[in-house]
Amino acid sequence: MSVGGSGGGAKGGYPPQTIIALGIIGGLAGIYLGHFMPAAYSFFGGIGAICATVWGADAVRRVASYGLGTGVPSIGMLALGMGTVAALFGLSVGSFAGPIVAFIVAVIIGIVIGALSNRVIGMGIPIMEQAMAEIAGAGTLVILGLSVVIAGSFDYSTVVHNVVATGYIALIFIIGGMGILHPFNASLGPDEHQDRTLVLAVEKGAIALIIVGFVSSLNEGLMAAGVNILIGIIIWYVAFMKHYALIKRDAYQVVGTGLLPSAEELQ
Amino acid sequence: MIEGIMANILWLVFITLGGALISWGVHFIPVGGAPAAMAQATGVGTGTVQLAAGAGLTGLVSAGFMMNVTENLPLILASGAVGAMIMISVTMIVATWVYVYGVGCVPSSAKVKTDPITKYRQDIYVSQGTEGHGIPTVSFVSGVIGAALGGIGGGLVYYSLIEVGMSIGLTAGVTPDVVGNSLVGVAAMFAIGIFMVNAVIPSYNIGGTIEGFHDPKWKKWPKAVISSLIASLLCAIVAVIAILQLGGI
């Protein structure tokens, strides 16, 4: 468990507004495209989830840079905890406006929990309310996006029958949370750069898309599942190579150590 | 929507109380975080959320298991509490084996001079430069109490959500169908969501590490419990409405 950053705000890279816009617009557009297009295009939900994952990881990066006092993973779990509650509520009352209702409810829950953390518990992080709202909203969009990939739709009864009752929601909970919490948790430190952290978030989102792609074969047939998995693998490969290139850029030196010496060589 | 909430006001109160119990219970669990993983602080070497969620979710499962055979609330809560207590005890005893036989340090607390339960001296066994190590008796007992509270809280949340669903005619019985049961799925997921929120709020309150009820940080619990009451109430309203909507599909 790491305690996060050095006690100041995160610096450098794209401004928060750009990432927020990417997360909200990309996330919602992906979810709606995945819902209204035929089943073979449900990968749009996954692309929406990737946008939201990037946004969530950036919000975690900004808030955890102040030092949470506890591990970065806690905030990812909180994001998906708030996200699950808001997502299921939004779909249950909103019908076609479901994702938007879910998003608004998540932002409200996030602001309340952020205000409680700052005012009652006294964490003293200036951006806590905003960051909590962002993280809750991103968590909700990740859950909705991945649910759309599995179910092919965000209709409440379809999602309940194909995603929640079957238990795949637990899978979404963990892989979605991993995408939000892992990038900053893995990259934090004095040499942390925003682009490297966010590319890692894209890579994690793509892994989530591959995994839910397998599950989607249950409801959408092998063709749609194959498309989901293929798109996931392509995005993963591009993001992974980009991440590796950024690691080489940021590292002081990359050297090969060769294979472990054999027993004879050690003697 | 408003009538639905008014009709289920008792279950709303139970869910809120369950959330507050989880939040209070987390304060008892000896969490050492990364320092404990290197045997440099007392407690189990992982974060609050992981420990509380591990114990609490086991409690939720054992409470749900008991609901297969009885409708009796005290029995269900007892089952949840015992499940969580077993889980945390196993975690702590195995961690103690690792600390004692693997790392080779004496379980000792740096926060008190003598163990409040066994009255054994602590300070002379604390290695220099560390905040204690291992899980002394008082922390073990405290962890078991915390897990019991978490298990009762988690069970209470889950039971209340299932009762809300039953009140509109849904069933929570075992089905032979592989696709499972909608009410059980939705209620379990809301219970997990509420559990996670209430496990993270106290972890921010204690700021990473705590040894148990003898730790000075433990006295900060009212702040986290008040926050959890408000957050749980908000989540409970949302959860009850979503479960009531299940009746229409």
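Predicted model: local features only at pLDDT ≥ 70, side-chain atom pairs only at ≥ 80, totals over all residues.

Visitor: Start with the interface. How many residues of chain B are in contact with chain A?

Guide: On the chain B side there are 40, and they touch 37 residues of chain A.

Visitor: And what area is buried between chain B and chain A?

Guide: About 3200 Å², with 81% of that coming from carbon and sulfur atoms.

Visitor: How many salt bridges are there across that interface?

Guide: Zero between chain B and chain A by the rule used. Over all chains, though, the search of the whole structure turns up 11.

Visitor: Let's have an example. Which residue does A:Asp58 meet in a salt bridge?

Guide: A:Arg62, with an N to O distance of 3.3 Å between the side chains.

Visitor: OK, new topic: helices in chain B. At what angle do α2(B) and α6(B) cross?

Guide: Roughly 160°, and the axes of α2(B) (residues 9-26) and α6(B) (residues 137-167) come within 7 Å. Angles over 145 degrees count as roughly antiparallel, so that's what α2(B) is relative to α6(B). Their contact has 14 nonpolar, eight polar and one charged residues.

Visitor: Is that crossing left-handed or right-handed?

Guide: Left-handed for α2(B) and α6(B).

Visitor: What about α5(B) against α6(B), how do their axes cross?

Guide: At roughly 140°, with the axes of α5(B) (residues 73-103) and α6(B) coming within 7 Å. That angle makes α5(B) oblique to α6(B). The crossing of this pair is right-handed.

Visitor: Which residues make the contact between α5(B) and α6(B)?

Guide: Among them are B:Gly80, B:Ala81, B:Ala84 and B:Ile88 from α5(B), and B:Gly143, B:Ala147, B:Gly151 and B:Gly155 from α6(B). By class, the contact of α5(B) with α6(B) has 16 nonpolar, six polar and no charged residues.

Visitor: Back to chain A. How far apart are the axes of α5(A) and α6(A)?

Guide: They're 9 Å apart, and α5(A) (residues 128-151) packs against α6(A) (residues 156-164) at about 85°. That makes α5(A) roughly perpendicular to α6(A).

Visitor: And who's touching whom there?

Guide: A:Ser147, A:Ile150 and A:Ala151 of α5(A) meet A:Thr158, A:Val159, A:Asn162 and A:Val163 of α6(A). They split into four nonpolar, three polar and no charged.

Conventions. Residues numbered from 1 in each chain as written. Chains lettered and ligands numbered in written order. Heavy atoms only, no water. Axes fitted to C-alpha atoms, helices over the stretch in contact; angles between N-to-C directions. Helix = DSSP H or I, 4+ residues; strand = E, 2+ residues; numbered from the N terminus. Parallel < 35°, antiparallel > 145°, perpendicular 65-115°, else oblique. Left-handed = near helix turned anticlockwise from the far one by under 90°. Nonpolar A, V, L, I, M, F, W, Y, C, P; charged D, E, K, R; others polar. Contact = heavy atoms within 4.5 Å. Buried area = accessible area lost by both parts, 1.4 Å probe. Salt bridge = Lys/Arg side-chain N within 4 Å of Asp/Glu carboxyl O.
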